[in-house]
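My notes follow the order in which I checked things.

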Amino acid sequence: MAVDPIAGRSVRLAPAALYHYRYRRMTLVSREKRPQSVNGLAGLDSDGLVLLDLPGEWPADEVTAFAARRGIPVEDALLTPSKRVRTALARRAPGWERLVGQSSSRMSRRKKAVALGVGAAGLLAMAYIATTVGLFAWRGLSAMGRVLLDLVEVKWLAVFFSPLVIVLGPAYRALHARRSRRGTTLGPPGGPCLVLRRNERLRVWLGPRMVPEDLAMGPNPDCVGGLLLYRHERLSGLFIMSGDGQLMRHLPGPWPPEDAHRFAVRLGLSFEIRTLGREEYLGLTSKVSDAAP
């Protein structure tokens, strides 16, 4: 049994093997690209599909001892190339779970109302200072606020000194929805999502603070040529196909079929929806060159 005491969740399973992994990904820190290592332990079924993903630090000797006591084999993927690790972790089994050991970040209605009130007060203060004293005074106040935030970890100060967040958040979501209707964006605002770039390239963006990947589109083997939306039992996901029909990227998770079709038509890509049997799912997910766990 795996337990997440912070989130108050537990999962019971009998894995056929354990997968001790590490892979690298590129993140944005202060607008600079920096590599980040992601470590974890996964429980696999008899076909090598991931039943449970447990990101975090797992000492190798403790993993080995734990598995030995229970007679479970361990696959050491700490030095395996990152693309192979990501591909393996994206091969989810029906009933797949992930325990991250973090509490929910969602605010209650009361806290959300207070946050909006404080943010609105900050917005009014910004408008008043800007019209009566000038923008230079507001910039000085904002700079002072950032200094305070560096010294004191108070969320409400962040809300007050960044009041435009209560306007920019809904505005960004509305813009993202408009782009989805136009077929230039596919996926939720927080990622992962696909975006049509102005230079006619396909951008794959996995989430906040993640470095996006831009892929060329066209009929060539190294370019994006189509999308394959699949369903397998309770699982779903998206394959990005090359111009010659090879699997380039695997993005597991829910992708709205109508939005995916509209996006593919807008970009001039082939599009297919397919229900996969067990053997076909195993074959396709193992052939892809990279994935987003």
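**Helix α7**

I started with helix α7 (residues 257–267), where A260, F263, A264 and L267 are buried (under 20% relative accessible area with a 1.4 Å probe, protein chains only; exposed is over 50%, partly exposed in between). These four sit on the same side of α7, because they cover an arc of only 95° around the axis, taken from the directions from the helix axis to the C-beta atoms. I then checked the face turned away from the buried side, and it carries exposed E258 and V265.

What covers the buried residues of α7? I found β8 (185–186), β9 (193–196), β10 (201–205), β12 (224–232) and β15 (270–275) among the covering elements, with contact meaning heavy atoms within 4.5 Å. After α7 comes G268, with a positive phi near 75°.

Helices (H or I, at least four residues) and strands (E, at least two) are DSSP runs, numbered from the N terminus.

**The sheet**

Next I traced an open, mixed sheet of five strands, ordered β6-β3-β4-β5-β7; strands pair if DSSP finds at least two bridges between them. β6 (74–77) and β7 (92–98) are at the edges with a single partner strand each, so one side of each lacks a neighbour in the sheet. I noted that β4 (residues 32–44) and β5 (residues 50–55) pair antiparallel over five bridges, and that L44 is opposite V50 in β5.

**Caveats**

The model is predicted: local features need pLDDT of at least 70, side-chain atom pairs count only at pLDDT 80 or more, and totals for chains, interfaces and linings use all residues. Residues are numbered from 1 along each chain as its sequence is written, and side-chain values use heavy atoms, leaving out hydrogens and water.
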